[in-house]
Amino acid sequence: MLSGVDLTVKEGEFVSIIGPSGCGKSTLLNIIAGLDQPDSGLVELSGNAGAKLGQTGYMQQKDLLLPWRSVLDNTILGLELRGVPRKQAREQAMEFTEAFGLKGFEHQYPYALSGGMRQRASFLRTMLMGQDVVLLDEPFGALDALTRVQMQEWLLQLWESLNKTIVLITHDVDEALLLSDRVYLLSARPGRATLVLDVELPRPRNYYMVTSPEFSALKARLMEPLRSQIQSIKSAGQSAGQTD
Amino acid sequence: MKFFTKRAAILLSLLFVVTMLAAACGGDSESETQELTQVSLALDWFPWSNHSGLFIAQERGYFAEQGLEVNIYVPGDPSTVLQTVGAGRDDFGISYQPELLLAREQGIEVVSIMAMVQHPLNSVMALKESGITEPKDLKGKMVGAPGLPSDEALIDTMLRSQGLTIDDVEMINVGFDLIPALISKNVDAIVGAYWVHESISATNQGFELNIMRMEENGVPDFYELVIVASEDKIANEPEIVQKFVRAVTRGYQDAIADPLDAVALLKSVKPETDLAIENPGVKLLAPLWATDNGVFGWQEQSRWEEFADWMVESGRLSSASSAAAAYTNSFVEGAR
Amino acid sequence: MIFLKKAAGLLTWLLPVAILVGLVAAWELWVQLADVPKWQLPAPSAVAKELGSSSSLLWDHALVTLQEIVVGFLAALIAGLVLAGGIAYSRVLERSVYPIVIASQTVPIIAIAPLLLIWVGYGLTPKIIIVALICFYPIAVNTVDGLKATDPDMVNMLRTLGASRWQVFTKLQIPTALPFMFSGIKIGVSVSVIAAVIGEWVGASEGLGYLITYSQPLFLTARVFAAIFVLSVMGIGLFVLAVIAERMMMPWHFNEKRANSMRQF
């Protein structure tokens, strides 16, 4: 599926990967996280070769909160697995509930929360693990457009205060450009990085930048190859009788 | 939707054809038996040597001669025979003297039309090695029983004849597997097994038994098994009852004349019959089929009245007044 | 609006009760009008009278049967859960044990029961074994399904958090399996009553099943029905207990369902 992806991320950077469905974006993250093994090539994290489970934070599109645990107990799940006593873990998590917009909802069950809140809880769970590298697989894909904007701004602020290295997968071009220092465009079948775009927009960023001319120019540079890829997939799909 | 109805149509027509074929094939045997009256006889237990006369009557055409076709079957629950006969669902049934009296008291209008066995078969048994030869030897011992009310009253009377009561023994409900319980020494003695049948399976396996007969130990002599019919049937269809009794009598006369041959016929009709038990058993049973003057099915009034009195004394029956009406010899007489 | 809602709530209770009362009334009428003999089908009034006059007899025997059910069911619960856990955790166990579990249910209890009496003796033990044998199966099978119903994405999520196989089992598989387990428990509870009666059928000196077998040859059909009534009440009571336990152990499950159904308005 993937053939030859060269991804380099410097400490503290925010990198996005964008591409049509089926190009292997999730597989790439799985490999970095240690869930899948690559057939060839290697992963190096902070100078250490090989990707082991638990070295990177990984947040998936679904919030995957355990329905039988309260929100607070969900956020401390990773710490519990490491053996941290519950009381201590809860205290740790409580320090962040306000920053993550969950204040007052700590003892509710996940079903009572909105989609955006659930994603933030899932985020907190990942953050509490304290890993330097965090992988995000379309974290805002399931949210409505307005909530998504809220979450993007919140993520920007969080990243700026926590200083993590983030690799984000998204299909939203605006999101990729708004959040990242660099955008990788992956092609489909086989997955290859066809374009690496440095996003030279000033930080700190805000949502108003989306309408600026610099932003539009960057977007245009992304849209061209993206559209041609989608076209080639469409025609390939039609000739092969498949749907993506 | 169209596809569904097409399928349904094919299925329905297939069903139609099959039903027509079945009716056509079944039709032949139906027309044959138009002339014979169908009656049902519910047995008391699985077919054993005591039923051989019935199967003789069926196989040798005695029922057919009388214009009857009899469905002889084993009911799922033998305790319901009196109820099914009383309710008209069965024409005839095999049941027991005490149960018949109880049923009549509860309003089930059934009558005994023939006695199948002239004396009790139910008995108390113990292994010879246990040294238990008389009821008084049972004091403090464990007695296995099938858990039916009759057996408790019977053994109580046997114990009373020697100065004990049922409280002097420990009664254990072992279900119907009486001999296995005795042989495995889970109990010291058993009641509820027939000395002409179950006992044989024990002796066949090399275990010798001491048998205590009921009528020798204080219980009034009674008819172990009787054939019953409802009062309705006797009143409204006495010819059918008479024909039935006539055919059965002939069948048992054959059996009495040659018991081993009777068992051989039973085996041919019911292959699951165990000859190792039935052959020795029928030799013990055959003398009990008819009265001393050779009449099969005859019932004495004194037997019915004394037994009813005993049931009242042992608290199982409220009144013995209907004892005389519980049986009739008229059909046995008519068959002679 | 509130009044209508309250009236609607009352109606959902009233309707089934009315239907039940109607059926009983029809039964009473039929027996009276068709003059059905009491040994064939007793009238509800006769059964009610019997319940009153034989109440202490029924109570004593009911306690014995209840004992068999409770102990047998607890044994079934432990056995079922342990088996299910083993089968779900280990492939080897699944391939060797699961077929035996299924085969255990094809053996007719009526055939085994007399043998049990000879092997184990008389008294409560064989009945408890029969209850356990019949009830452990739905618990085991449903719990296995529940343990296997884990969301693979959740498993991956836990793995990225560094969970070991055992941690995945205890923190994800077991809680996921709870609703399934309770389905199995509810089924097991429902058949436990019949199981106890079957056990008593084949050789008992006490219990409601024994009382029924004893009363039938005496043609005391009203007593038989009274005993059956008590058995039904027992069965329903046990089922309600299981539902209460379910609600208490899975509060999120039912609050979520209620929240979702309310959102539909």
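## Basis

The structure is a predicted model.

## Interface of chain A and chain C

Chain A and chain C each bring 22 residues to their contact. Between them the two chains bury about 2,100 Å², and 68% of this area is on carbon and sulfur atoms. On the side of chain A, 37% of the area buried against chain C comes from A:Trp68, A:Leu81 and A:Tyr111, more than from any other three residues.

Three salt bridges cross this interface. One of the salt bridges in the model joins the side chains of A:Lys62 and C:Asp153, with N to O at 2.7 Å. Three residue pairs are in polar contact across the interface of chain A and chain C, with both residues at pLDDT 80 or more. Helix H3 of chain A, residues 77-82, gives the most to the side of chain A that touches chain C, namely four residues. By class, that side of chain A has 14 nonpolar residues, four polar residues and four charged residues.

## Aromatic pairs

Over all chains, the structure has 19 aromatic pairs. In the pair of A:Phe14 and A:Trp159, the ring centres are 5.5 Å apart and the planes stand at 80°, so the pair is edge-to-face. A:Phe14 belongs to strand S1 of chain A (residues 14-18) and A:Trp159 to helix H6 of chain A (residues 145-162), so that the pair links parts of the chain 145 residues apart. A:Phe14 has a relative accessible area of 0% and is buried. A:Trp159 is also buried, at 9% relative accessibility.

A second pair, A:Trp68 with C:Trp252, is tilted, with 6.3 Å from centre to centre and 55° between the planes. This pair crosses between chains: A:Trp68 is in the loop between strand S4 (57-59) and helix H2 (71-75) of chain A, while C:Trp252 is in helix H11 (residues 251-263) of chain C. Both A:Trp68 and C:Trp252 are buried. Elsewhere, A:Phe100, A:Phe123 and A:Trp154 are linked by ring pairs into a cluster.

## Salt bridges

The count of salt bridges over all chains is 28. A:Glu80 and A:Arg69 form one of them, with the closest N and O atoms 2.9 Å apart. A:Glu80 is in helix H3 of chain A and A:Arg69 is in the loop between S4 and H2 of chain A, 11 residues apart. Both A:Glu80 and A:Arg69 are buried.

In another salt bridge, the side chains of A:Lys219 and A:Asp174 meet at 2.7 Å, N to O. A:Lys219 is in helix H8 of chain A (residues 213-240) and A:Asp174 in helix H7 of chain A (residues 173-179), so this pair ties together parts 45 residues apart in sequence. A:Lys219 is partly exposed, at 28% relative accessibility, whereas A:Asp174 is buried, at 18%.

In chain C, C:Glu246 and C:Lys186 form a salt bridge whose closest N and O atoms are 3.0 Å apart. The pair links C:Glu246 in helix H10 (residues 221-249) with C:Lys186 in helix H8 (residues 165-201), 60 residues apart. C:Glu246 is buried, with 7% relative accessibility. Salt bridges with shared partners also join A:Arg69, A:Glu80, A:Arg86 and C:Lys171 into one network.

## Buried sites in chain B

Helix H5 of chain B (residues 97-105) has eight of its nine residues buried, so this helix is largely enclosed by the rest of the structure. Among the buried residues of H5(B) are B:Gln97, B:Glu99 and B:Arg104. B:Gly107 follows H5(B) and has a positive phi, near 95°.

B:Ser199 is part of helix H8 of chain B, residues 198-204. B:Ser199 is buried, at 5% relative accessibility. Leaving aside residues up to four places away in sequence, B:Ser199 touches B:Met125, B:Ile179, B:Tyr194, B:Leu209 and B:Ile211.

B:Ala255 is in helix H10 of chain B, residues 238-257, and is buried with a relative accessible area of 0%. With residues up to four places away in sequence not counted, B:Ala255 touches B:Ser52, B:Gly53, B:Ile56, B:Ala262 and B:Trp289. The C-alpha atom of B:Ala255 is separated by 36 Å from that of B:Ser314, which is 59 residues apart from B:Ala255 along the chain.

Key:
Residues are numbered from 1 along each chain as its sequence is written. Chains are lettered from A and ligands numbered from 1 in the order in which they are written. This is a predicted model: local features need pLDDT of at least 70, side-chain atom pairs count only at pLDDT 80 or more; totals for chains, interfaces and linings use all residues. Side-chain values use heavy atoms; hydrogens and water are left out. Contact means heavy atoms within 4.5 Å. Buried area is the accessible area (1.4 Å probe) that two parts lose on being put together, summed over both. A salt bridge is a side-chain nitrogen of Lys or Arg within 4 Å of a carboxyl oxygen of Asp or Glu. A polar contact is a pair of N or O atoms within 3.5 Å; within protein, one must be able to donate a hydrogen and the other to accept it, and residues adjacent in sequence count only if both atoms are side-chain atoms. Helices (H or I, at least four residues) and strands (E, at least two) are DSSP runs, numbered from the N terminus. Ala, Val, Leu, Ile, Met, Phe, Trp, Tyr, Cys and Pro count as nonpolar, Asp, Glu, Lys and Arg as charged, and the others, Gly among them, as polar. Rings of Phe, Tyr and Trp (its six-membered ring) pair if their centres lie within 6.5 Å; planes under 30 degrees apart count as stacked, over 60 as edge-to-face and the rest as tilted. Buried means under 20% relative accessible area, exposed over 50%, partly exposed in between (1.4 Å probe, protein chains only).
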